[in-house]
Amino acid sequence: MDLSYTKVRKLTDSFIVLDFETTGLKYNENEIIQCGIIEYEDGKIISEYNEYFKPSKPISKRIEKITGITNEFLEDKPTLGKNELEELYNIIRRRTIVAHNAPFDMKFLLYQLQINNIEHEKLRVIDTLTFSRKLIRETPNHKLQTLKEHFNLDDGESHNAINDCRATGNLLLLLMSRQ
């Protein structure tokens with residue numbers, strides 16, 4: 001199974017930020033329960049997509065605590081199937097995708113596209129974690145939550161996909177100013 005993508009080495013101010021909340025860390029065993037996407041043009045937000053999905057098995061108390069997403073909240077949400085993935089792919093295709101710790105989100109995305117037989121081109125991805133490690137020296141680590149708090153990147157809760165998208169988008173713009 002090909003879970004590879006093209007790593008973009010040059011930062012740009014027009015991009016799509018992607019973030020998932022999942023039932024665990026293993027892309028081939030766990031499921032996506034929230035998808036956030038924010039589209040930027042010339043460094044400004046032009047659209048947002050935020051969707052929740054009901055997993056096939058109940059989420060653990062640990063994941064509920066981390067994300068704030070409960071089984072009760074997900075009860076009436078759609079499952080993540082081929083139609084939802086095609087809609088998601090149509091939003092991100094032919095765009096530069098930005099994610100913090102991109103391998104995590106990209107493995108989940110590419111695995112789901114493949115098991116649902118959705119044809120896709122090789123995706124172009126900027127990992128803000130990689131660029132943060134190169135360009136930011138004043139924080140104790142480069143976790144999104146640490147960077148978010150240090151630079152006041154977003155005022156929403158962490159481990160919420162759409163809030164983390166806003167923080168990641170603002171982080172990319174900060175990183176561009178440091179190049």
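Biologist: Hi! How do the residues lining the largest pocket divide into nonpolar, polar and charged?

Modeller: Hello! This is a predicted model, and in it that lining has 7 nonpolar, 10 polar and 6 charged residues.

Biologist: Nice. What volume does the largest pocket have?

Modeller: About 600 Å³.

Biologist: And which residues lie nearest its centre?

Modeller: Glu 21, Asn 101, Phe 104, His 159 and Asp 164 do, out of 23 lining residues. Two or more lining residues come from each of these elements: strand S2 (15–22) and helices H1 (61–67), H4 (102–115), H6 (144–151) and H7 (161–178).

Biologist: What about the second largest pocket, what is its volume?

Modeller: That one has about 200 Å³. Its lining splits into 7 nonpolar, 1 polar and 4 charged residues.

Biologist: Which elements supply at least two residues there?

Modeller: H4 does, and so do strand S6 (124–127) and helix H5 (128–135). Among the lining residues are Tyr 5, Arg 9, Pro 103, Ile 126 and Phe 131.

Biologist: Changing topic: how many disulfides turn up in the whole structure?

Modeller: The search finds 0. For Cys 35, the nearest cysteine sulfur belongs to Cys 165 and is 7.3 Å away.

Biologist: Is Cys 35 buried or exposed?

Modeller: Buried, with a relative accessible area of 1%.

Biologist: And Cys 165, buried or exposed?

Modeller: Cys 165 counts as buried too, because its relative accessibility is 0% and the cut-off for buried is under 20%.

Notes
Residues are numbered from 1 along each chain as its sequence is written. This is a predicted model: local features need pLDDT of at least 70, side-chain atom pairs count only at pLDDT 80 or more; totals for chains, interfaces and linings use all residues. Side-chain values use heavy atoms; hydrogens and water are left out. A disulfide is a pair of cysteine sulfur atoms within 2.5 Å. Buried means under 20% relative accessible area, exposed over 50%, partly exposed in between (1.4 Å probe, protein chains only). On a 1 Å grid over the protein atoms alone, a cavity is a set of points where a 1.4 Å probe fits but cannot get out, and a pocket is an open set with protein on both sides within 12 Å along at least five of seven lines; lining residues have an atom within 4 Å of a point. Grid points are joined across faces, edges and corners, and a volume is the space filled by probe spheres set on the points. Helices (H or I, at least four residues) and strands (E, at least two) are DSSP runs, numbered from the N terminus. Ala, Val, Leu, Ile, Met, Phe, Trp, Tyr, Cys and Pro count as nonpolar, Asp, Glu, Lys and Arg as charged, and the others, Gly among them, as polar.
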